[in-house]
Amino acid sequence: MPLPQAVKRTKIHTRTVTCQGFERADGLWDIEGHLTDIKTIPITLRDRSLSPVAAGEPIHDMSIRITIDLDFNILDAVASMEHTPFTICPSITDAYKQLIGLRIAPGFTKQCKELFGGTHGCTHLLELLGPVATTAFQATHQAREARSHESSEEHRPHTLNTCHTFDSSGEVVKKYWPQYYEADKLIASKQIS
C-alpha cells in the first residue's frame with residue numbers, strides 16, 4: 001500500500017542508498033554500497049565556499065565494498081569518497097580496512113559502531129554498513145541454500161524471530177518450518193496479555 005497523499009510541498013533533498021551483490025568468478029562475493037545526497041537548490045558549504053554546490057550536484061557521494069565468503073567472513077574492504085562537504089573527509093577511508101577479519105553475524109552492527117563511531121569513522125559510511133550487511137544475506141541466499149542442500153544438513157532458518165513475519169509462534173514458521181514452530185510461545189504470550 002502506498003503512502004497517503006501528502007500536502008503540497010517542494011522537494012529539497014534526496015538521499016539515495018544503493019546496495020548490490022556480485023558473485024565473483026573466484027567463488028567469493030562483492031557487496032557494494034553507495035550513498036549520495038543531492039539538493040534541488042544550490043548550497044554553500046564552508047570548505048567549498050569558493051565553488052558552491054550546484055543544484056543536482058552531490059554533496060555526499062561515497063561507496064564501500066566488502067568481499068565475503070558464504071560464511072559471511074569479510075576478506076577485503078575498501079571505501080571511497082568522490083564528493084564530500086570537507087576536503088579532509090576522504091582521509092578516513094583507509095580505516096574501513098578494519099572490517100577485514102570480521103564476520104557479518106549477530107553483533108556486527110555493534111562492532112562497526114565501536115570501530116567507526118564518533119571520530120573513528122564517517123557517519124555516512126557507518127550508516128551504509130547496515131544495508132550492505134543485509135544485502136550480503138539477500139545476495140548470497142540462493143547459494144547458501146544450495147550449499148545447505150548439498151550437505152543434507154537441516155539448518156535453523158537465520159530469519160527466525162528477526163521480525164513479526166518470522167515469529168517462531170507465527171503462521172509463516174508454522175507453515176514452512178513446522179519443526180521450529182513454538183506453539184508454547186504463542187500460548188504464553190496470550191496468557192501474559
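How much space lies in the second largest pocket? About 240 Å³. This value comes from a predicted model.

**The pocket**

The second largest pocket is lined by 15 residues. Those closest to its centre are Ala 105, Phe 108, Thr 109, Gly 130 and Ala 133. Sorted by class, the lining holds 9 nonpolar residues, 4 polar residues and 2 charged residues.

Which helices each supply at least two residues of this lining? They are helix 1, residues 108-116, and helix 2, residues 123-150. Helix 2 gives the most, with 7 residues.

**The strands**

Now turn to the strands. Strand 1 covers residues 13-23, and strand 2 covers residues 29-39. Strand 3 covers residues 58-68. Strand 2 pairs with strand 1, and strand 2 also pairs with strand 3. The table sets out the two pairings.

| Strand pair | Direction | Bridges | Residues standing opposite |
|---|---|---|---|
| Strand 1 and strand 2 | antiparallel | 11 bridges | His 13 and Lys 39 |
| Strand 2 and strand 3 | antiparallel | 10 bridges | Gly 33 and Ile 64 |

**The turn**

How many residues lie between strand 1 and strand 2 in their hairpin? There are 5 residues between them.

Key:
Residues are numbered from 1 along each chain as its sequence is written. This is a predicted model: local features need pLDDT of at least 70, side-chain atom pairs count only at pLDDT 80 or more; totals for chains, interfaces and linings use all residues. Side-chain values use heavy atoms; hydrogens and water are left out. On a 1 Å grid over the protein atoms alone, a cavity is a set of points where a 1.4 Å probe fits but cannot get out, and a pocket is an open set with protein on both sides within 12 Å along at least five of seven lines; lining residues have an atom within 4 Å of a point. Grid points are joined across faces, edges and corners, and a volume is the space filled by probe spheres set on the points. Helices (H or I, at least four residues) and strands (E, at least two) are DSSP runs, numbered from the N terminus. Ala, Val, Leu, Ile, Met, Phe, Trp, Tyr, Cys and Pro count as nonpolar, Asp, Glu, Lys and Arg as charged, and the others, Gly among them, as polar. Two strands pair if DSSP finds at least two bridges between them.
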